[in-house]
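Let's talk through how the labels used here follow from their cut-offs. Have a look at the sequence and the model first.

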Amino acid sequence: ICIFLCKQWYQRRVRAGKQVAVFGLSNILRYIARSRGYKALYNEDNLTAAALIDEILALLDQLEAKPNANVLNELATRLTSASFLCGDSLTIADVGLCCFLTSRLAAGAQIPRTLREYVERCSHGAYEMRVLKAFLKEFQ
């Protein structure tokens with residue numbers, strides 16, 4: 001899914017002002033959330049929540065560049081005390097992590113049990129699947 005997202009959006013352009021290519025999973029997720037008004041997934045008006053989401057997206061950028069067990073363990077630790085990365089509701093950080101983990105699992109990589117359970121929980125939850133499908137529709 002991560003590769004699909006990046007390939008589909010690499011040539012997309014920002015409409016307002018200067019035209020700039022949008023690439024990288026984190027930037028694509030932010031762009032879609034902003035352009036479609038998905039405030040429940042990424043609310044920049046709530047600076048604390050947006051900063052936490054951005055912090056996790058930065059970790060995902062590190063993982064995309066080079067998978068790292070320490071970063072995966074840090075994310076797994078966050079999920080031991082909450083249902084999702086940024087609390088009790090799904091955000092673009094969760095969408096990004098699910099994309100990354102799904103691609104790693106498809107490639108046969110080993111990931112911590114907590115993260116495997118997290119992917120299963122997100123993929124089986126009706127609300128979470130509707131959100132993921134809405135994001136995928138953006139690429140058609």
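Q: What makes Arg 34 count as partly exposed?
A: Its relative accessibility is 48%. Buried means under 20% relative accessible area, exposed over 50%, and partly exposed in between (1.4 Å probe, protein chains only), so Arg 34 counts as partly exposed. As for the ground rules, this is a predicted model, in which local features need pLDDT of at least 70 and side-chain atom pairs count only at pLDDT 80 or more, while totals for chains, interfaces and linings use all residues. Residues are numbered from 1 along each chain as its sequence is written, and side-chain values use heavy atoms, with hydrogens and water left out.

Q: Why is the contact between Arg 34 and Glu 44 called a salt bridge?
A: The term asks for a side-chain nitrogen of Lys or Arg within 4 Å of a carboxyl oxygen of Asp or Glu. Here the N to O distance is 2.7 Å, so the pair qualifies. By this rule there are six salt bridges.

Q: How do you know whether Arg 30 is buried or exposed?
A: Arg 30 has a relative accessible area of 12%, so the label is buried. Its salt-bridge partner is Asp 54, with the closest N and O atoms 3.0 Å apart. Asp 54 is partly exposed, at 26%.
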